[in-house]
Amino acid sequence: MIIRIALLLLVVGLLPQAFAQDEVGLASDEELQEIWSFPTFLSEPKSKKAVSKDDARLVLSKYNYSELSRRVHGKADSIFAFSYVADAYSVVSPNSTFQKIFEQSTDSTRAGYLEISNGRFFHRGWADFAWGGNLSASFSQGRGMFSSGTLSETQFSLWTVPVEPFLMMEVPVGSWFKLGTSAGPSAVALFQSRNDMENGEKYKHRRQMGWGYFATLKLKTDLAAIYPEQGFNFFSKYSITRFHLDLIVKLRSYANFQDEISISGVSWGAGFSFEFL
C-alpha cells in the first residue's frame, strides 16, 4: 500500500512538469513524423497512424515559424492565383464599331479581366518552372450609335473569354520578392448579345472564336515572410507554403475571329497567388 501511494504521488508530481515541457518545447522531428497529416517531405513517417487535426496543429504550433518556413521553402508542387487586369487593350473592328459602342457611348463600360490560374511546378531550384492554364473573362457594355452620332436605345453586351495554357518561370529576388514570367497561346471566345430582339431571333446572339498569344510579367511580394503568423496559420490549416501579392503587366494579342476584329496591347493589374503542397 505504501509503495502504491508513493508511486501515485510520484506520477502526480511529474505530470505537470511533463505537460509544461511539452507546451514550451519545440516539436522534434520524431513528433513531426508521427503526424499523418503533416507534409511527408520532412521525412516519411514510420507509422501512418491517424491523428486528429487538432493534435497535428498542436505539434505545429510548437514549431518555430522561421525554421518551418526554411524547411518548406521550394517544396510546393502547385500554384493557384486570381487577379484583375484592366481592359486597356486596343480593339480594331470594321468602321470602328467597337469604339462607338463600348468606348464612345455615354453608357459604355469596359469592366476589365478577372482571371484565375492553376499550375504545377516541374522544377524547383535557382529558378522555378511550372506549367498550367489561365481562364479569364471580361465584360463590356454600351449603346448602339447611328452614323449621325446619335445614340440608339439598343444596348449591346460583349463577353471576352480567353483560355490560355502557359509555361512559367519564377526567380527569387532577395527574401521577399520574386520575378515571374509566363507565356503561351490563347483561344478566345466572344459572346455578343443585344436587347432589342427576342431570344431565338437570328441576330440576338453572336458567338465567334479567335486565337492568339499572351505574355505576363509579375513582381511577387511574399506576404508570408512579411506576416509570419498569418503564414504559419495558412500552412498549418491549408498546406499553403507561400502567398504573394502580385503586380502584373500583361500583353495580349488576339485575332483570327470570324469578324475582322483584333485585340492587342499591354495592360496592368494586381492579384494574389498561393503555393500549395
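This is a predicted model: local features need pLDDT of at least 70, side-chain atom pairs count only at pLDDT 80 or more; totals for chains, interfaces and linings use all residues.
Student: Let's begin with the strands. How many bridges join strand S1 to strand S3, and which way do the two run?

Tutor: Eight bridges join them, and the strands run antiparallel. S1 covers residues 78-85, and S3 covers 109-123.

Student: What joins S1 to strand S9?

Tutor: Again eight bridges, with an antiparallel run. S9 spans residues 262-276. Here Ile79 stands opposite Glu275.

Student: How should I read side chains along a strand?

Tutor: In a regular strand the side chains alternate between the two faces of the sheet.

Student: Now the charges. How many salt bridges does the structure hold?

Tutor: It holds 16. One of them pairs Arg120 with Asp77, with the closest N and O atoms 3.6 Å apart. That pair links distant parts of the chain, 43 residues apart. Arg120 sits in S3, while Asp77 is in the loop between helix H4 (65-72) and S1.

Student: Are Lys250 and Glu164 buried or exposed?

Tutor: Both are buried. They form a salt bridge, and their closest N and O atoms are 2.8 Å apart. Lys250 is in strand S8 and Glu164 in strand S5, so the pair ties together parts 86 residues apart in sequence.

Student: Which residue does Asp259 meet in a salt bridge?

Tutor: Arg206, at 2.7 Å from N to O. Asp259 lies in the loop between S8 and S9, and Arg206 lies in strand S7, so this bridge ties together parts 53 residues apart in sequence. Asp259 is partly exposed because its relative accessibility is 29%. Arg206 is partly exposed as well, because its relative accessible area is 34%.

Student: Which residues do salt bridges with shared partners join into one network?

Tutor: Arg124, Asp128, Glu170, Lys178, Lys220 and Glu275.

Student: On to the nonpolar side chains. What is the general idea?

Tutor: In soluble globular proteins, nonpolar side chains tend to be buried together. In this model, the largest nonpolar core has 16 residues.

Student: Which members of that core touch the most other members?

Tutor: Phe102, Tyr113, Tyr254, Phe257 and Ile263. The elements giving two or more residues to the core are helix H5 (97-102), S5, S6 and S8. H5 gives the most, with three residues.

Student: What does Phe257 touch, leaving out residues up to four places away in sequence?

Tutor: Val188, Leu190, Gln208, Met209 and Gly210.

Student: Where do I find a nonpolar patch?

Tutor: On the surface, with about 970 Å² of accessible area together. Its residues include Trp176, Phe177, Tyr213, Leu247 and Val266. Strands S6 (177-194), S7 (205-222) and S8 (240-255) each give two or more residues to the patch.

Student: Which strand holds Val173?

Tutor: Strand S5, residues 151-173. Val173 is also a patch residue. Patch residues need over 30% relative accessible area. Val173 counts as partly exposed because its relative accessibility is 41%.

Technical notes:
Residues are numbered from 1 along each chain as its sequence is written. Side-chain values use heavy atoms; hydrogens and water are left out. Patches are made of residues with over 30% relative accessible area and no salt bridge: like charges are joined within 9 Å, nonpolar side chains (Val, Leu, Ile, Met, Phe, Trp, Tyr) within 5 Å. Accessible areas come from the Shrake-Rupley method with a 1.4 Å probe; for residues, only the protein chains shown count as cover. A salt bridge is a side-chain nitrogen of Lys or Arg within 4 Å of a carboxyl oxygen of Asp or Glu. Helices (H or I, at least four residues) and strands (E, at least two) are DSSP runs, numbered from the N terminus. Buried means under 20% relative accessible area, exposed over 50%, partly exposed in between (1.4 Å probe, protein chains only). Two strands pair if DSSP finds at least two bridges between them. A nonpolar core is a set of buried Ala, Val, Leu, Ile, Met, Phe, Trp, Tyr and Cys residues joined through side-chain atoms within 4.5 Å. Contact means heavy atoms within 4.5 Å.
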